[in-house]
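Trainee: I've got a model open and I'd like to talk through how it holds together. Can we go through it piece by piece?

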Amino acid sequence: MVQRLKMRRRQQEFSDVFAVVLRRHREVKKLSKQALAGKAGLHQTYVGMIERGLSNPSLDTANALAEALEIPFAKLIAETEAERKASK
């Protein structure tokens, strides 16, 4: 049980940092949530939920967001991991 709780907490931390990284890239590209959602084939409410850490995207969804932002998926994940490690 303890192991499961630790694992769950790590996942939450990653998703929180992913939300920040995603929002930063969207703002750098000067895209609204609606514009990003349209480019990624998602609903703007869902993008907002991801950015607020209320929803965790699947790998396919995260990849669609990266493509819509015109950045490699691996870069989005690598930046998230680097920031997560730096914040510990």
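Trainee: Which residue's side chain meets that of Glu 70 in a salt bridge?

Mentor: Quick ground rules: this is a predicted model, so local features need pLDDT of at least 70 and side-chain atom pairs count only at pLDDT 80 or more, while totals for chains, interfaces and linings use all residues. Residues are numbered from 1 along each chain as its sequence is written, and side-chain values use heavy atoms, with hydrogens and water left out. A salt bridge is a side-chain nitrogen of Lys or Arg within 4 Å of a carboxyl oxygen of Asp or Glu. At 3.7 Å, N to O, the partner of Glu 70 is Lys 39.

Trainee: How many residues apart in sequence are the parts that this pair ties together?

Mentor: Glu 70 sits in the loop between helix H4 (59–69) and helix H5 (73–86), and Lys 39 in helix H2 (residues 33–40). Helices here are DSSP runs (H or I, at least four residues; strands are E, at least two), numbered from the N terminus. So the pair ties together parts whose separation in sequence is 31 residues.

Trainee: Is Glu 70 buried or exposed?

Mentor: Buried means under 20% relative accessible area, exposed over 50%, and partly exposed in between (1.4 Å probe, protein chains only). Glu 70 has a relative accessible area of 59%, so the word for Glu 70 is exposed.

Trainee: What about the salt bridge between Glu 51 and Arg 23: which of the elements does each residue lie in?

Mentor: Their side chains meet at 3.3 Å, N to O. The two lie in separate helices, so the pair ties together parts that are 28 residues apart in sequence. Glu 51 is in H3 (residues 44–51), and Arg 23 is in H1 (residues 2–28).

Trainee: What is the relative accessibility of Glu 51?

Mentor: Arg 23 counts as partly exposed, at 29%. Glu 51 counts as buried, with a relative accessibility of 4%.

Trainee: In which helix do both Lys 85 and Glu 81 lie?

Mentor: These two side chains meet in a salt bridge of 3.9 Å, N to O. They are 4 residues apart, about one turn of the helix. An α-helix has 3.6 residues a turn, so residues three or four places apart point the same way. The helix that holds both Lys 85 and Glu 81 is H5.

Trainee: At what angle do H2 and H3 pack?

Mentor: Axes are lines fitted to C-alpha atoms, for helices over the stretch in contact, and angles run from 0 to 180 degrees between N-to-C directions. The axes of H2 and H3 are 8 Å apart. Roughly perpendicular covers 65 to 115 degrees, and the packing angle of H2 and H3 is about 110 degrees.

Trainee: Which residues of H3 make the contact with H2?

Mentor: Contact means heavy atoms within 4.5 Å. H2 brings Lys 33, Gln 34, Leu 36 and Ala 37 to the contact. H3 brings Gln 44, Val 47, Gly 48 and Glu 51.

Trainee: And how many helices does the chain have?

Mentor: From the N terminus on, the elements run α-α-α-α-α. There are 0 strands, and the number of helices is 5.
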